[in-house]
There are 2 protein chains.
Amino acid sequence: MSNKQILEQQIKAQGEIVRKYKAAKESKEKIAEEVAKLLELKAKLNEDESPQAGSQKFTLKTPKGTRDFSPEQMAVRSSVLNKIISVFKKHGAETIDTPIFELKEVLTGKYGEDSKLIYDLKDQGGEILSLRYDLTVPFARYLAMNKITNIKRYHIAKVYRRDNPSIARGRYREFYQCDFDIAGAYDAMIPDAECVKIVYEILEILGMDQFVIKLNHRLLLDGLFEACGVPKDKFRSICSAVDKLDKSPWEEVKREMVEEKGLSESVADQIGEYVQLNGKEELVEKLLKDERLTKSKSAVEGLEAMKLILHYCDIYGTSDKVSFDLSLARGLDYYTGIIYEAVLVGGDASGDPESSVGSIAGGGRYDNLVGMFDSKHKQVPCVGVSIGVERIFAVLEAKYAATNTKIRTTDIQVYVATAQKNLVEERMKLCRQLWDEGFKVEHSYKKNPKLLAQLQHCEEYSIPLAVILGESEIQKGVVKLREVTSRAEVEVSRTQLPDEIRKRLQNYCLNGSA
Amino acid sequence: MSNKQILEQQIKAQGEIVRKYKAAKESKEKIAEEVAKLLELKAKLNEDESPQAGSQKFTLKTPKGTRDFSPEQMAVRSSVLNKIISVFKKHGAETIDTPIFELKEVLTGKYGEDSKLIYDLKDQGGEILSLRYDLTVPFARYLAMNKITNIKRYHIAKVYRRDNPSIARGRYREFYQCDFDIAGAYDAMIPDAECVKIVYEILEILGMDQFVIKLNHRLLLDGLFEACGVPKDKFRSICSAVDKLDKSPWEEVKREMVEEKGLSESVADQIGEYVQLNGKEELVEKLLKDERLTKSKSAVEGLEAMKLILHYCDIYGTSDKVSFDLSLARGLDYYTGIIYEAVLVGGDASGDPESSVGSIAGGGRYDNLVGMFDSKHKQVPCVGVSIGVERIFAVLEAKYAATNTKIRTTDIQVYVATAQKNLVEERMKLCRQLWDEGFKVEHSYKKNPKLLAQLQHCEEYSIPLAVILGESEIQKGVVKLREVTSRAEVEVSRTQLPDEIRKRLQNYCLNGSA
């Protein structure tokens, strides 16, 4: 314990002595003597105030780009996460967890130039560690390390990026990722189509039903670049230019290709003919007849894959929201097959047609990542999806704020109140009885709380029922049972109370109030 | 993307070309040409192998003192945490979350000499950060920062300590804490007694019903030291010697007091008379008549508090497991009032009477911590408890291993299987129908899986029901519905299937198999 803490404890103890002497109406001399001691201690504390010992010498805040979550925010978060987990479980996913940090070498070489955003731990002797940047690389490390060749797992956990966060746009340095992946050597597009189904079900269950799931294929993009005459070493950079088409018009993307990336204008124009296309099966069929494209083996392979997944989407009932979109490129380098991205369109769940949160889920196939961790480069093919839960939280929080929705942060069913003084033990006895019956119950931690304060607490926390005890009720063996919203009260015998509460809670849930 | 990754992709693509050419029985020359390209690429990869580009140059492991959690471990963990959360919620707790790291200054001066165990982040420009060491200090920072004067919250999250972990004893560098705290200026012992009740309910609900909750009071310990003549500046170090009485005999603790901490033998003996006592109300009454002790105001105050909480424990029905134990001292400096600790005794839940996991929950009152963060030292009194979930997980995992208990890692209710080839789309259609009905369903991701492999999957994952489709069933509009454990099969019409599944799942749950 620091000197300062010891001093503060001494001051507190001394303050109590002073208060007690005063309350006990001790002699003025005696009180003055103790007050002097108190002042001496306080003076000593002020002397001791140094940055090390102190507390208020720095601004109280959370680290840049991070935040605390209040009970209201946590209630929204757990409701969303529980719904998402229910969909993952509906499809048979298990869950795993990995440490928040990894050996730095595990992350090295996986994120390209974004590696600069990785948080490193200080070298305090021992291993060199970094905070995880996503859940995909730790997942691949887990598979390779444990020689797991097939698993269907979800992982919901925080990841860390030393970005310059645009907090207004809901981007933070610490944020949740919510990933579902299927690892294993399976047949074409069967797991891939289920990932699309899962995104579809999640957005539906969250009430965000105005969305499109864009699909594309890495091989088709590569083949398209090849067919248009993009030099092989420019594939990645042209790909990342195409990826901007969701935010920028073609003219701007073309300018980047020609002026910054040195593509000839005619090549760029050819690309432009394709990447602005989107549609369904009929577009696949059209492109399969395109003479230029079909010269590329890779493009044909991509188109055949697209045809198959669109057919499976039909069977799984997701076609109404699926769009084959040649502009979808996605930034991450490790994708090797199908890629997809869900975007909210039109009026989103916040009811604000203007609000655009953009991509709300995305993923794809990455067949080569696990092999990077295996000493024999043994591959485990993977396909997965990441749900953009932070954006979903932001949309819902905005919606609740706009509609003044009250969010319950506790599950309390019954509040036990007393109407007179000196009944704290009676309250405790009744709480115990109700806890033992399985109810969620609380009461005031004050000995003699005011009835009004107790009832206000019930309203503030949207507690459906209050049980009120007074002297006369105790003598008669009854309680007053109050419905908090209607403020209606009935007298109920103590023995009948549990059944009466159960009955009313059932009605309360059926009527769905609060 | 690193050169290596590009190379690997190229090798993979080239390998596919070779395979296809072979399959298509292309000319030997053509194949040889492509094989040569492949070998060239592979040679290039070997040249490029450097520690930066490589993967297999370091041992694949998690950082020291950390581990991954498998689906089985996660299933045990979430079942335990859900039970604990249900108790917290039964008592009206809200939940909050705070970032995994804090400004280093927030943690400074809170953990005494254990500060050396704090993980610091590397200075990458900007703020100096450390990983959180517990959840209590971030909670106090949260209260002070947001000027919250009363809240009842739980927080379940990971904390970090650069300890030399004794993994055999279940201690790690990354581990879960599971805290419940009541902050607010309330009346004596009312929230404190509820914390004891919560520990009691949690250990009962987890089936760990052989436990004792030891109670003591910081003021009584201080008063006892004072009454026995311990110099004030030795209170803390003598306290930490007393704290060892749960593991060491009195003689050893006494030796530490006398030889290491310089206490006179007679003072140590006087302490020994007290700290080996434990009991209930009668011990409080006895000590309240003890002439030496009652000379200390602080001791009397502690005893009065103890009397009150024991009385409240009676009312709350926790007395059978509660013991007033003067040897309980607890290490943390910030406690200012009641302290408690739950220990498993006799045969624990693992069924092994010899196994001793020691303390499984602990806490106490800390009225001065929040004030350390407030610029005006405004205090928010707090009392809380921390459930030792890692030890609980370890006990349960040992129990399940000893009893060969199979742990389900998924919730799948129905597996859709096919008995012949070329029925993948029929499987997918049926899965979609059952998903739409709300069932948890999966099927093989292979186009033509063997029936035996499909049924083995059901047994491995303890899936209760399998639906088997064959050509003849499809023509008749029926399926075979199989109970996986009994292997009994019945034919059910497609239209009756959902109801039939619901009925059987209900029976399955009632019989509680698997």
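**A walk through a predicted two-chain model**

Arg432(A) has a relative accessible area of 29% and is therefore partly exposed, where buried means under 20% relative accessible area, exposed over 50% and partly exposed in between, with a 1.4 Å probe and protein chains only. The model is predicted, so local features need pLDDT of at least 70 and side-chain atom pairs count only at pLDDT 80 or more, while totals for chains, interfaces and linings use all residues. Residues are numbered from 1 along each chain as its sequence is written, chains are lettered from A and ligands numbered from 1 in the order in which they are written, and side-chain values use heavy atoms, with hydrogens and water left out.

Arg432(A) belongs to helix H14 (residues 424–436) of chain A; helices (H or I, at least four residues) and strands (E, at least two) are DSSP runs, numbered from the N terminus. Leaving aside neighbours within four places in sequence, Arg432(A) is in contact with Lys197(B), Asp314(B), Ile315(B), Tyr316(B) and Gly317(B), contact being defined as heavy atoms within 4.5 Å. Within chain A, Arg432(A) and Glu442(A) are separated by 10 residues in sequence and by 9.8 Å in space, C-alpha to C-alpha.

These contacts lead to the interface as a whole. There, 119 residues of chain B are in contact with 118 residues of chain A, and the two chains bury about 10,700 Å² between them, 57% of it on carbon and sulfur atoms; buried area is the accessible area (1.4 Å probe) that two parts lose on being put together, summed over both. On the chain B side, Leu60(B), Trp435(B) and Tyr445(B) lose the most area to chain A, together 8% of what that side buries.

Glu442(B) also touches the partner chain. Glu442(B) lies in strand S13 (residues 441–443) of chain B and counts as buried because its relative accessibility is 4%. The side chain of Glu442(B) makes a polar contact, at 2.5 Å, with the side chain of Lys152(A); a polar contact is a pair of N or O atoms within 3.5 Å, and within protein one must be able to donate a hydrogen and the other to accept it, while residues adjacent in sequence count only if both atoms are side-chain atoms. Not counting residues up to four places away in sequence, the residues that Glu442(B) touches include His91(A) and Gly92(A) from chain A, and Val416(B), Cys431(B) and His457(B) from chain B.

Strand S13 is part of an open sheet of five strands in chain B, with the order S13-S12-S14-S15-S16 and mixed pairing, where two strands pair if DSSP finds at least two bridges between them. Its edge strands are S13 and strand S16 (489–493) of chain B, each of which pairs on one side only. Inside this sheet, strand S12 (residues 414–418) and strand S14 (residues 465–469) of chain B pair in the parallel sense over five bridges, and Val416(B) stands opposite Val467(B) in S14(B).

A second open sheet in chain B has nine strands in the order S1-S4-S5-S11-S10-S9-S6-S8-S7, again with mixed pairing, and its edge strands are strand S1 (94–95) and S7 of chain B.

Helix H13 (residues 389–402) of chain B lies across strands S5 (174–183), S10 (359–365) and S11 (382–387) of chain B, running at about 125° to S5(B); axes are lines fitted to C-alpha atoms, for helices over the stretch in contact, and angles run from 0 to 180 degrees between N-to-C directions. Arg77(B), in helix H3 (residues 71–90) of chain B, is buried because its relative accessible area is 4%, and among the residues that Arg77(B) touches are Tyr176(B), Glu390(B) and Phe393(B).
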